[in-house]
Amino acid sequence: MDVYGWTRAQAEAWATSIGLPAYRGEQLLRGVYRADVRCFAEIPGWPRELGQRLDAAYRLPLAEEVEQHVSSDGTTKSLLRYQDGALVECVSIPTPDRHTVCVSTQVGCPVGCSFCASGLAGVERNLRAAEIVWQVLHHHRRRRVTHVVFMGSGEPFLNYDAVIQAIRVLGEPLGLGLGRRRITVSTSGVPMRIRQFARDEPQVTLALSLHAADDATRSRLVPLNRRWPLAEVLAAMRDYASQVGRRPTLEYVLLADANMSRVHAEQLAATARALHAHINLIPYNPVADLAHVPPERRAVAAFASMVRRYGGHATVRRPRGCDIAAACGQLRRQSLALFETSQH
Ligand code: SF4
C-alpha cells in the first residue's frame with residue numbers, strides 16, 4: 001500500500017486487483033492529495049468498511065516531522081522520521097513567485113563528498129518513491145509547491161528507479177500535477193544513468209554537481225570521480241545534451257581552500273563552454289566537523305568574473321538558510337548526534 005508512490009493507473013490497477021471498481025483507486029488518490037486525509041476511513045466517497053479494513057492493516061502517513069527550523073529568509077528545513085525510524089531532511093525555499101522543495105533520495109549518502117554532512121556516516125538505505133513524494137507533500141500542505149529539486153541527501157542516480165517513479169507521481173494530474181520543466185535532478189556523475197535519463201525523462205532539467213573541472217581536485221572533493229572520472233562523466237553529459245537539445249547546468253560549490261584558483265576558473269569555463277552549459281556558483285555553507293573554508297564575498301565575485309572572462313556563463317546563487325544549517329545533511333546529522341548522546 002505505497003499509495004504516495006502510485007500513479008492513477010497503478011491506483012486503479014490496485015483497486016481492480018482486489019475486486020473493486022477501478023474508480024475506487026482514483027478516489028483513493030484524490031483523497032490523499034486533494035482532501036489530505038490521514039487515514040483510509042476518511043477517503044471521500046469510499047465505503048466506511050473498506051477504509052476501516054485498510055486502516056487495520058496499513059498506516060497511511062509515511063512520516064512525521066520531528067524538527068522544523070525556519071530561517072530569517074523564510075527557508076524552512078524539516079526533519080522527517082519515516083515509519084522505520086529513518087531520518088531525512090527536506091527543505092522548503094519560498095520566494096514571492098515560487099515555492100521550491102528540495103528532496104532527499106537516500107537516507108545518508110554513499111558518495112561522501114568532502115564538503116557535505118550527508119555522506120559523513122555513509123548510506124543507511126534508499127528511499128522509496130512514495131517516501132520521496134511525501135517530502136514534497138509535507139511542504140505542499142502549507143503552500144502550493146511549484147518546483148522540486150532533487151538536491152538533498154543522497155545520489156539520485158544511485159536510487160534511479162525510485163527517482164523516476166517519484167517524478168512520474170509528482171506529474172500525476174490527480175496529485176500535484178507538477179510539469180517536468182519544473183523539476184531538476186542533480187547528480188554527482190553516474191554516466192550510464194545520465195544517458196538513460198535523457199531517454200526516460202528528457203523534459204526534466206539535469207544538473208551535474210561538478211565542483212572541480214580537473215580529476216585531481218574533483219577526486220578529492222567528490223569521491224565518485226575515482227570510479228567515473230571526468231572524461232566519462234562529461235562524455236555522458238555531451239550525449240545527454242545532444243539528445244535532449246537543452247543546456248545542462250553545472251553546480252560548483254565555492255570552497256576557499258580547494259577550488260577557487262585562477263586555474264580552476266579557467267578549467268571550469270572551458271568545461272562549460274564545451275558542454276554549452278550554464279554554471280551555478282554556490283558559496284559554501286560551512287559544516288561543523290568539516291575542514292572546508294567558506295569564501296569571502298569579494299573572493300566569490302572575483303572568481304565569478306574570472307570564469308566569465310574565460311567565456312563561462314555563470315550565476316552566483318545566494319546561499320539560503322545559513323542560520324538554520326540548511327546545507328545538505330546538517331540537521332539530520334545534528335539530530336543523530338543528539339540522539340546518540342542521549343543514548344549514552
Ligand atoms: S553533496 Fe550530494 S552526492 Fe555529495 S555526499 Fe552530499 S548528498 Fe551525497
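How far apart do the C-alpha centres of domain 1 and domain 2 lie? The figures below describe a predicted model, in which local features need pLDDT of at least 70 and side-chain atom pairs count only at pLDDT 80 or more, while totals for chains, interfaces and linings use all residues. Residues are numbered from 1 along each chain as its sequence is written, and side-chain values use heavy atoms, with hydrogens and water left out.

**Figure 1. Domain 1 and domain 2.** The domain assignment gives domain 1 as residues 3-57 and domain 2 as residues 63-343; such bounds come from an automatic or database domain assignment. The C-alpha centres of the two domains lie 34 Å apart. Contact, defined as heavy atoms within 4.5 Å, involves 13 residues of domain 1 and 14 residues of domain 2.

Figure 2. Threonine 7 belongs to the segment before α1 (8-17). Helices (H or I, at least four residues) and strands (E, at least two) are DSSP runs, numbered from the N terminus. With a relative accessibility of 16%, threonine 7 counts as buried; the classes are buried for under 20% relative accessible area, exposed for over 50%, and partly exposed in between (1.4 Å probe, protein chains only). Leaving aside residues up to four places away in sequence, threonine 7 touches Leu29, Gln165, Arg168, Val169 and Glu172.

**Figure 3. Packing of helix α4 against helix α5.** Two packed helices are described by the angle between their axes and the distance between the axes. The axes of α4 (residues 129-140) and α5 come within 8 Å and cross at roughly 45°. Here axes are lines fitted to C-alpha atoms, for helices over the stretch in contact, and angles run from 0 to 180 degrees between N-to-C directions. The two helices α4 and α5 are therefore oblique to each other; angles under 35 degrees count as roughly parallel, over 145 as roughly antiparallel, 65 to 115 as roughly perpendicular and the rest as oblique. Their crossing is right-handed, a crossing being right-handed if the near helix is turned clockwise from the far one by less than a right angle, and left-handed if anticlockwise. On the α4 side, Ala129, Ile132, Val133 and Val136 meet Ala162, Val163, Gln165, Ala166, Val169 and Leu170 of α5. The residues of this contact comprise 9 nonpolar, 1 polar and no charged. In this classification Ala, Val, Leu, Ile, Met, Phe, Trp, Tyr, Cys and Pro are nonpolar, Asp, Glu, Lys and Arg are charged, and the others, Gly among them, are polar.

**Figure 4. Packing of helix α5 against helix α6.** Helix α5 (residues 160-171) packs on helix α6 (residues 191-200) at an angle of about 25°, and their axes are 12 Å apart. Helices α5 and α6 are therefore roughly parallel to each other. The crossing of α5 past α6 is right-handed. Tyr160, Ile164, Ile167 and Arg168 of α5 make the contact with Arg193, Gln196, Phe197 and Asp200 of α6. By class, the contact holds 4 nonpolar, 1 polar and 3 charged residues.

**Figure 5. Packing of helix α10 against helix α11.** The axes of α10 (residues 262-275) and α11 come within 8 Å, crossing at roughly 45°. Helices α10 and α11 are therefore oblique to each other, in a right-handed crossing. From α10, Arg262, His264, Ala265, Leu268 and Ala269 meet Phe303, Met306 and Val307 of α11. The contact of α10 with α11 has 6 nonpolar, 1 polar and 1 charged residues.

**Figure 6. Proline 286 and leucine 255.** Proline 286 is located in the loop between β11 (278-283) and α11 (297-309). Its relative accessibility of 47% places proline 286 among partly exposed residues. Proline 286 and leucine 255, 31 residues apart in sequence, are 9.4 Å apart in space from C-alpha to C-alpha.

**Figure 7. Residues with positive phi.** Aspartate 36, although not a glycine, has a positive phi of about 55°. Aspartate 36 sits in the loop between α2 (23-33) and α3 (48-57) and is partly exposed, with a relative accessible area of 30%. Histidine 211, also not a glycine, has a positive phi of about 65°. The loop between β9 (205-209) and α7 (215-221) contains histidine 211, which counts as buried at 7% relative accessibility.
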